[in-house]
Amino acid sequence: VFAFFGIGVAPVFEELIFRGFLFKVFAEIWRPAVAIPITAGLFTLLHVPQLWGSWAGIVLIFVVGYILATIRDRSRSIIPGIIVHMSYNGMLFAMYAVSTLVQRGIKAG
């Protein structure tokens, strides 16, 4: 269930909110060059509680948010960002699953 929401649901809602709604508003008020770091920063703030204590993780989420906002700006659509976001989260879940198996001493394959 956690993986389903983390890979399938959260990226769609986060992209709709951050790169769909907020990016559009900030880009219209100022310009995309301002909207990109602002939405990346807000995206980071959403994830800070789960990453608290890991500055590297917080910086990485800002970079991911910046990349997703840049994709939104260049493609003029949230669909590519949703695909990239789902792929990124899927990779994280796969890495977590593999590391859990390794830590438990279960060999894959």
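Reader: Why is arginine 76 called exposed?

Author: In this predicted model, arginine 76 has a relative accessible area of 72%. The cut-off for exposed is over 50%, so arginine 76 is called exposed.

Reader: Where does arginine 76 lie, and what is its phi?

Author: Happy to say! Arginine 76 sits in the loop between α3 and α4. Its phi is positive, about 60°, although the residue is not a glycine. Most residues other than glycine have a negative phi.

Reader: What makes the nonpolar surface patch?

Author: Six names to look for: Val59, Leu60, Phe62, Val63, Tyr66 and Ile67 make a patch of about 500 Å². A patch residue needs over 30% relative accessible area, and nonpolar side chains are joined within 5 Å. One of the patch residues, Val59, is placed in helix α3, which covers residues 55–75.

Reader: How much space lies in the largest pocket, and which residues lie nearest its centre?

Author: The largest pocket holds about 520 Å³ of space. Of the 20 residues that line this pocket, Phe2, Gln50, Asn89, Leu92 and Phe93 lie nearest its centre.

Reader: Which helix gives the most to that lining?

Author: That is α4, with 7 residues. At least two lining residues come from each of α1 (2–29), α2 (32–51), α3 and α4 (79–104).

Reader: How many residues of each class does the lining of the largest pocket have?

Author: The lining has 13 nonpolar, 6 polar and 1 charged residues. Phe and Leu count as nonpolar, so Phe2, Leu92 and Phe93 of the lining belong to the nonpolar class.

Note on methods
Residues are numbered from 1 along each chain as its sequence is written. This is a predicted model: local features need pLDDT of at least 70, side-chain atom pairs count only at pLDDT 80 or more; totals for chains, interfaces and linings use all residues. Side-chain values use heavy atoms; hydrogens and water are left out. Patches are made of residues with over 30% relative accessible area and no salt bridge: like charges are joined within 9 Å, nonpolar side chains (Val, Leu, Ile, Met, Phe, Trp, Tyr) within 5 Å. Accessible areas come from the Shrake-Rupley method with a 1.4 Å probe; for residues, only the protein chains shown count as cover. A salt bridge is a side-chain nitrogen of Lys or Arg within 4 Å of a carboxyl oxygen of Asp or Glu. Helices (H or I, at least four residues) and strands (E, at least two) are DSSP runs, numbered from the N terminus. On a 1 Å grid over the protein atoms alone, a cavity is a set of points where a 1.4 Å probe fits but cannot get out, and a pocket is an open set with protein on both sides within 12 Å along at least five of seven lines; lining residues have an atom within 4 Å of a point. Grid points are joined across faces, edges and corners, and a volume is the space filled by probe spheres set on the points. Buried means under 20% relative accessible area, exposed over 50%, partly exposed in between (1.4 Å probe, protein chains only).
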